[in-house]
Every structure is written in C-alpha cells, then in structure tokens.
Amino acid sequence: MKKIIAFLALAVIIASCKTEKKAETPETDLNNKTNTDEWIYLFDGTSTEGWRAYNGDALPPGWIIEDGALTFNTKLGLEQDYKGGKDIIYGAEEFDNFELYIEWKLPEGGNSGIFYHLKEGHKSPPEVSPEYQLIDDLGYAKIHDLTAYNTSLGYTENPEELKPLQKTGSDYAMHPADQAQKILNPIGEWNSSKIVFTPEKVEHWLNGKMLLSFVPWDEAWEEKKNSDKWKNSPNYGIYKTGYIGLQDHSSPIWFRNIKIKKL
C-alpha cells in the first residue's frame, strides 16, 4: 500500500512539473516576440506608406518600388514636370535616440546619403541634417569632376580626388570612416549600414564593422562643425529629434529592409 501511495505521489509531482513547464512556454515566446517587435519597419518592400518628399506632401516622381526595393529611377524622375526637390523622408514619425538598419546598393558613379534628425522648412536636408554618406568610393571621381567643389572647401592638394570625409560610411564633412575597417561590396551588390545615435555616442557601421564613433554636440564636434563645410550653416546638426531621410543625388539608388529601433 505504501508503495502505491508513493508511486501516486511521484506521478502527481511529475504532472505538476510538466504543467508548470507548459505554462512557462507562452510567456517565453511572448518575450521573444516583444524583442522582435522593437523594430519598426520604415520600408518592408511592399509599400511606400509614410514616405514623401522633403517639404512636400507626396513622393517625388522617380521614387518607386522595384523588386522589393525602394528605388530612385532617374529616367522617370527626369520625365516629369516637377519643380521640387527629390530627397525624401519617412514623415510618419520623428526619432531622437535610435538604431537604424538599412540595406542599399549603388550603380557606378552613384551618390546618395542617409539623413537623420532632419527638420523641414529649410532649403535642403544637408544644411541641417547629419548624413551617413553613400557613394561609389572607387569610381565617383572618375566620372565627376570634383576639382572646383573641393577647391571651394579649401582642399587644394589633389582636389580632383574624393576626400576621406566624402567617402562611404563617413559622417559627411564631419567624421571620416575608418578605411582599415571598411568592407565595401562591389558596385551593384547589396551593403548593409547601421547608425546608432544616443547623446553619449554616435556610431556608423558598414557590413558588420564599426567605421567611426563620436560624441554629438561636445566641444570637438562644435570645432569640426565650425572649421569646414558647415561653418556657414548655423542650423547644421542642432536638432535632437527629426525625420529619417534618403538623398537623391541625380543617380539611381536602391534601398531595402529599412527598420529602426528606439533607444
């Protein structure tokens, strides 16, 4: 009899453990789902909802979805009688501290950029917004004459060349990307970029490697701002929240898997 009672007691304990384990599973799954849902998709390959022109109400001509990518088609853009700028923003929400992930590719000689903390009401995004530079590092200067532009900025030595502050992954005209860490896929192939912004540190990543970091708005940042391209742009980089933007630089560009996580 004692053996039977002991056996039944053991069975009850085992059953109880199984019930508790099953009860834990949904909670664990829910936690995993919550972590995944921290990402907000700004573009998922199926809709341009939320996107519009900078200082505008609708997408400029030329911006379309093609094979799941948000694309600027220069031919379509030039065919339209359109007077406004062709830089675009995700206008559904402003962001302050964030981690932004985006995949992109360029054609030969291509040029574009990713803006953040972008405010409307100005002439163009570059005069107010920091920019993660996207460009054909190897081929841009072979197709475009940079001499006059670089000379106007004070680059008198080899002004025909693309400068470090102008290359992919750089905080354009502020902080150069570390070329030793850069893994840049060939023209026409997809790359992935990440921007992490907090008041303590900003990071630029490319294909899984961190290219630079800096502290926004500190003395070193102010010195850089006032010594180069932005010294006559008083509103550059002053905003602590704003829109995410993508640049049209009169060349084709492809973006996909654009997502952001608030920090």
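Me: For the lining of the largest cavity, how do the residues divide into nonpolar, polar and charged?
Reply: This is a predicted model. In it, the lining of the largest cavity comprises 11 nonpolar residues, two polar and one charged.

Me: And what is the volume of that largest cavity?
Reply: The largest cavity holds about 90 Å³ of space. Its lining consists of 14 residues, and those closest to the centre are Y116, P130, W217, W221 and G237.

Me: How many cavities of 30 Å³ or more are there?
Reply: The count is two cavities of 30 Å³ or more.

Me: What volume has the second largest cavity, then?
Reply: The second largest cavity has a volume of about 40 Å³.

Me: Which residues line the second largest cavity?
Reply: Its lining is formed by Y149, L153, Y155, L165, Q166, Y172, A173, D228 and K229. By class, six of these are nonpolar, one is polar and two are charged.

Me: Turning to packing, how many residues has the largest nonpolar core?
Reply: The largest nonpolar core contains 38 residues, and L246, F255 and I258 have the most contacts inside it.

Me: What does L246 touch?
Reply: Leaving aside residues up to four places away in sequence, L246 touches W51, W63, L70, D87, I88, I102, G113, I114, F115, F255 and I258.

Me: Which residues are among those of the other core?
Reply: That core lies apart from the largest one and has six residues, including Y54, F115, V128 and Y243. F115 is also one of the residues touched by L246.

Definitions and conventions: Residues numbered from 1 in each chain as written. Predicted model: local features only at pLDDT ≥ 70, side-chain atom pairs only at ≥ 80, totals over all residues. Heavy atoms only, no water. 1 Å grid on protein atoms, 1.4 Å probe; cavity = no way out; pocket = protein on both sides within 12 Å on 5 of 7 lines; lining within 4 Å. Points joined across faces, edges and corners; volume = space filled by probe spheres on them. Nonpolar A, V, L, I, M, F, W, Y, C, P; charged D, E, K, R; others polar. Core = buried A, V, L, I, M, F, W, Y, C linked by side-chain atoms within 4.5 Å. Buried < 20%, exposed > 50% of the residue type's maximum accessible area, 1.4 Å probe, protein only. Contact = heavy atoms within 4.5 Å.
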